[in-house]
Amino acid sequence: MRRTLSDSTFLRVYALLLLALVLTFGLALLGYLVVDQVRQENYRERLASGPMQVLAHLAAEQPVDERDEWLASMSSTLGVPMALHPVDDVSLSYFDRSRLNEGRPLVEHHDGAWSVLRRLPEAPWLLEVRVGGLKEMQLRGATEALRTWLSGVSEDESAERLARLQRVFKIPLDVSPAPPSGVDPIQQSRLEGGEVVVRLEPGLGVLYVHARLGADRWLNIGPIPSFEPMPISLALALLGIMLLVLAGTIYFVVRGVEGRVERLERAATRIAGGHLDTRVKVESSDFLGRLGMAFNGMAAQVQSLLRTQQEMIRAVSHELRTPVARIRFAVQMVEDMTEEPVVRRQLQDIDGDIEELDQLVDEILTYARLGSDSAQGIQLATETTDCRAMAHRVVDTLAPLHAHLRLDVLEGEEVDVEADPRYLQRALSNLVANACRHAEGHIHVSVTREARAVRLDVEDDGAGVPEADRLLIFKPFARLDDSRTRRSGGYGLGLSIVQKIMAWHGGSVVVERSQRLGGARFSLLLPTPDMLQGEPRHAWGRRLGDA
């Protein structure tokens with residue numbers, strides 16, 4: 001049977017887990033983007049820290065009236081816009097101002113470009129440089145500014161400035177007396193001519209910048225690593241694989257849990273159907289295993305209690321036969337010894353009560369035998385049974401006992417079923433006898449073959465059974481307060497016996513209102529032989545009742 005999301009614990013749990021996985025995927029992707037952005041800002045800060053210190057010091061050394069001209073010249077040299085702003089005119093957070101006051105650069109992203117801010121030393125000005133990306137022109141210009149800052153002072157001052165730069169530079173920076181190695185002859189000649197050379201190390205993806213600082217000094221910057229973020233396609237592929245692996249793992253875990261719960265459900269359903277010998281296989285000591293052990297203990301306890309109850313009922317019923325027989329013998333002796341009409345009439349009434357008590361004992365024994373579990377209960381001797389012929393036998397037996405009623409078996413085709421003829425006839429006889437007690441004048445018995453079952457209907461023209469009481473009447477010793485009272489006879493066990501017999505045959509009994517006669521219609525539903533192929537009888541009882 002196909003299960004929907006609303007009635008399947010597995011589907012609900014799996015849907016929630018999938019939702020959690022999707023949310024995890026989204027958070028992982030968001031975290032990747034945030035981390036990638038932080039890495040980019042950190043990378044740009046590493047590149048900008050040294051050059052921004054040089055540019056800030058150079059800008060601070062310029063006379064105030066010449067700063068605009070210097071900014072224009074440096075902007076042209078670096079190929080990036082540069083500007084000076086008063087500190088108080090720039091909107092900054094407390095943390096950003098603290099960062100700038102500590103002499104550290106501030107990297108911000110605006111309109112697709114990166115803006116780098118640094119405070120001029122001992123001046124209330126901010127130097128702003130807008131950078132779109134790392135280009136060779138910018139490297140050359142920054143190196144030229146660095147060479148200018150280191151060359152325009154004495155050798156001691158130059159060494160002191162170099163030491164300060166090395167503390168703030170996030171990339172290697174040094175001055176050596178020997179020409180740099182690794183440059184080709186063309187680059188060497190350009191260095192000798194005073195040019196700045198940018199060299200790409202093959203296979204490593206890093207840059208080196210070289211420049212001549214004096215007659216016997218060479219400025220070397222690098223290696224400058226390139227920023228290589230994780231490709232989004234690779235990140236998505238890895239996350240997708242992780243999602244599939246987790247989803248598959250959770251699927252099998254949850255599916256296994258539901259399979260074990262379903263076995264518990266099937267066992268509980270079988271026990272509810274009267275198969276008290278059903279037990280659950282305990283496979284582990286986890287919570288489901290402990291639940292299975294508790295379930296088995298409960299089933300064993302219920303089975304033991306019911307067996308004790310049935311044994312007590314059978315024992316009491318058998319023991320009742322002896323005093324009943326003695327009372328009947330004493331009544332017969334008294335009746336033979338007296339000729340008084342009044343006394344003999346009273347004795348006949350007592351004999352009738354004894355007969356009724358004897359029948360009650362028989363009914364209790366039959367009900368107890370039918371209510372036993374499969375290990376000690378009845379063994380059905382099934383054979384092919386003609387239902388219509390059986391209906392005629394029941395009517396022919398009961399009709400002479402109820403001369404004021406008209407009992408009919410409606411005509412139709414012959415219908416055969418696989419059943420125990422003795423018990424099936426007992427069930428039909430109980431229904432017809434019940435109808436005889438409550439009918440006004442007419443009773444119909446009909447046999448029909450349907451698509452899924454064989455149907456035996458017993459209809460009467462009595463008061464019928466109220467819809468609210470249609471389940472109550474199948475309980476042992478149940479009596480209704482309307483026309484079906486003790487005055488109509490019976491012990492309240494007949495319909496319970498019918499229900500037990502039908503359950504053992506894999507069928508069911510239902511009660512409705514008769515459309516023909518207006519009273520009650522009791523129906524016995526038995527599965528057809530083709531419906532029973534490959535499946536036990538008890539599996540069809542509830543299905544036929546729902547049909």
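Predicted model: local features only at pLDDT ≥ 70, side-chain atom pairs only at ≥ 80, totals over all residues.
**View A. Asp460 sits in a strand and is buried.**
Let's start with Asp460, a residue of strand 13, which covers residues 453-460. With a relative accessible area of 0%, Asp460 is buried, because buried means under 20%. Look also for Gly462: its backbone nitrogen lies 2.9 Å from a polar atom of the Asp460 side chain.

**View B. Tyr94 and Phe95 form an aromatic pair.**
How many aromatic pairs does a search of the whole structure find? The search finds one. In this pair, the ring centres of Tyr94 and Phe95 are 5.5 Å apart and the ring planes meet at 80°, so the arrangement is edge-to-face. An angle over 60 degrees is what counts as edge-to-face. Are these two residues buried or exposed? Tyr94 has 62% relative accessibility and so counts as exposed, and Phe95, with a relative accessible area of 67%, is exposed too.

**View C. Arg422 lies over the face of Tyr423.**
Here you can find the ring of Tyr423 with Arg422 over its face. The distance from Arg422 to the ring centre is 4.4 Å.

**View D. Helix 12 has buried residues, and Gly506 comes just after the helix.**
Helix 12 runs through residues 494-504. Which residues in helix 12 are buried? They are Leu495, Ser496, Ile497, Val498, Ile501 and Met502. Just after helix 12, follow the backbone to Gly506, where phi is positive, at about 80°.

Terms used
Residues numbered from 1 in each chain as written. Heavy atoms only, no water. Helix = DSSP H or I, 4+ residues; strand = E, 2+ residues; numbered from the N terminus. Buried < 20%, exposed > 50% of the residue type's maximum accessible area, 1.4 Å probe, protein only. Polar contact = N/O pair within 3.5 Å; in protein donor to acceptor, adjacent residues only side chain to side chain. Phe/Tyr/Trp six-rings, centres within 6.5 Å; stacked < 30°, edge-to-face > 60°. Lys NZ or Arg CZ within 6 Å of the ring centre and 35° of its normal.
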